[in-house]
Amino acid sequence: MKKEVIESIVALLATPKKIAIIPHRSPDGDAMGSTLALYHFLLKCNHQPIVIAPNEFPDFLAWMPGSEKVLIYENDRVTATKILQEADMIFTLDFNALHRTGEMEKVLSTLTAPFIMIDHHQKPDNYATYTYSDTQFGSTCEMIYNFILMLDKKNLIDKTIATCIYTGILTDSGSFRFPKTTGNTHRIVADLIDLGVENTQIPSLLFDNNSQHSLRLLGRALENLEVFPEHKTAFTSLSQQELDEFHYVKGDTEGIVNYGLSIKGIDFAAIFIEHRDENIIKISLRSQGDFDVNQFARDHFNGGGHINAAGGKSNLSLEATIAKFKDLITQIKI
């Protein structure tokens, strides 16, 4: 961030404020980690922050410090709207376009309070008063760590804040396997561990609390896996009937798309999940190497994200969406 931008934010934060902190819809580990880290930091700075999530977050993130204080917009629109309208400042974290908040966009687009965007995705919209956007970072949590340093408040980072930041870095880096995991990422992580982060326990809290239903759902997804080695592509799908059969809850399909990418010779993987309550097919895309799934999602499935990890949606049927995808992979070079 430019020096004058930092100075403006420091001036805004110089006196106690009512501050709303917003993650994207269906928040993941980086969205929750960054918002909760900022929440705890602003509390220590004598502000009145509140995290307002557009909808519920997965159960495997419910252990995070402060998660029980998160207000869910879909569960209490009246209270959330009132808080947003009375806020002195709005932070939006881990997204860069207001439509990523779903229904909340209608409220957010009417607010006059200054917005501060902190995000690492491509092609940010220009809704924010102050923008800290950098695609070189592997996670928004890493940017939150830097943001606190920019404010010259590193001394306020304690174990609680460090735990939230560590969680987002861990999840968005694919457990430190993705290309944007740099030496500086590891230096930050080392600092967080020195602050007391329980780095041997957090992976278990995130990844080892499967229900028998979620494991059986994974089994069905693997049964449905289709592989096209000539196109270096694999994909799977889950219908609403299959979700219901295995008692799906939010978070159960997290990471399934990566199984396709783990196959030798496969550089592009996708999963298509039917959600009849929203009348859409949700799509997760992953790649390795140079194939840009962000652009693929933007061009064909009303989505976006990162070069190697993106999401999208389709209003076609599950069968028609898969047929469209199969046709597309015959036309592109992966």
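Analyst: Two strands count as paired here if DSSP finds at least two bridges between them, while strands themselves (E, at least two residues) and helices (H or I, at least four) are DSSP runs numbered from the N terminus. The model is predicted, so local features need a pLDDT of at least 70 and side-chain atom pairs a pLDDT of 80 or more, whereas totals for chains, interfaces and linings use all residues. Residues are numbered from 1 along each chain as its sequence is written, and side-chain values use heavy atoms, with hydrogens and water left out.

User: What makes β3 and β6 edge strands in their sheet?

Analyst: The sheet is open, has 6 strands in the order β3-β2-β1-β4-β5-β6, and its pairing is parallel. Each of β3 (71-72) and β6 has a single partner strand, so one side of each has no neighbour in the sheet.

User: Why is Tyr-39 called buried?

Analyst: The relative accessible area of Tyr-39 is 9%, which is under the cut-off, and therefore Tyr-39 is classed as buried. Tyr-39 belongs to helix α2 (residues 29-44), and its C-alpha atom is separated by 8.9 Å from that of Ile-19, which is 20 residues apart from Tyr-39 along the chain.

User: What makes α5 a mostly covered helix?

Analyst: Of the 11 residues in helix α5 (residues 140-150), 9 are buried, including Glu-142, Asn-146 and Phe-147. Asp-152, which follows α5, has a positive phi, near 60°.

User: How do you know that the buried residues of α7 share one side, and which residues are exposed on the other?

Analyst: The buried residues of helix α7 (residues 183-194) are Thr-185, Ile-188, Val-189, Asp-191 and Leu-192. They cover an arc of only 155° around the axis, taken from the directions to the C-beta atoms, and this places them on the same side of α7. Arg-187 and Asp-194 are exposed on the other side.

User: Why is one space called a cavity and another a pocket?

Analyst: On a 1 Å grid over the protein atoms alone, a cavity is a set of points where a 1.4 Å probe fits but cannot get out, whereas a pocket is an open set with protein on both sides within 12 Å along at least five of seven lines. The structure holds 1 cavity of 30 Å³ or more, and the largest cavity contains about 40 Å³. Among the residues lining the largest cavity are Leu-222, Phe-235, Ile-256 and Ala-270, where lining means having an atom within 4 Å of a point. β8 (233-238), α11 (257-261) and β9 (268-275) are the elements that give two or more residues to this lining. The second largest pocket has a volume of about 200 Å³, and its lining includes Val-10, Phe-41, His-47 and Lys-153.

User: How many residues of each class line the second largest pocket?

Analyst: The classes count Ala, Val, Leu, Ile, Met, Phe, Trp, Tyr, Cys and Pro as nonpolar, Asp, Glu, Lys and Arg as charged, and the others, Gly among them, as polar. On that basis, the lining of the second largest pocket has 8 nonpolar, 2 polar and 1 charged residues, and that of the largest cavity has 9 nonpolar, 2 polar and no charged.

How values were computed
Points joined across faces, edges and corners; volume = space filled by probe spheres on them. Buried < 20%, exposed > 50% of the residue type's maximum accessible area, 1.4 Å probe, protein only.
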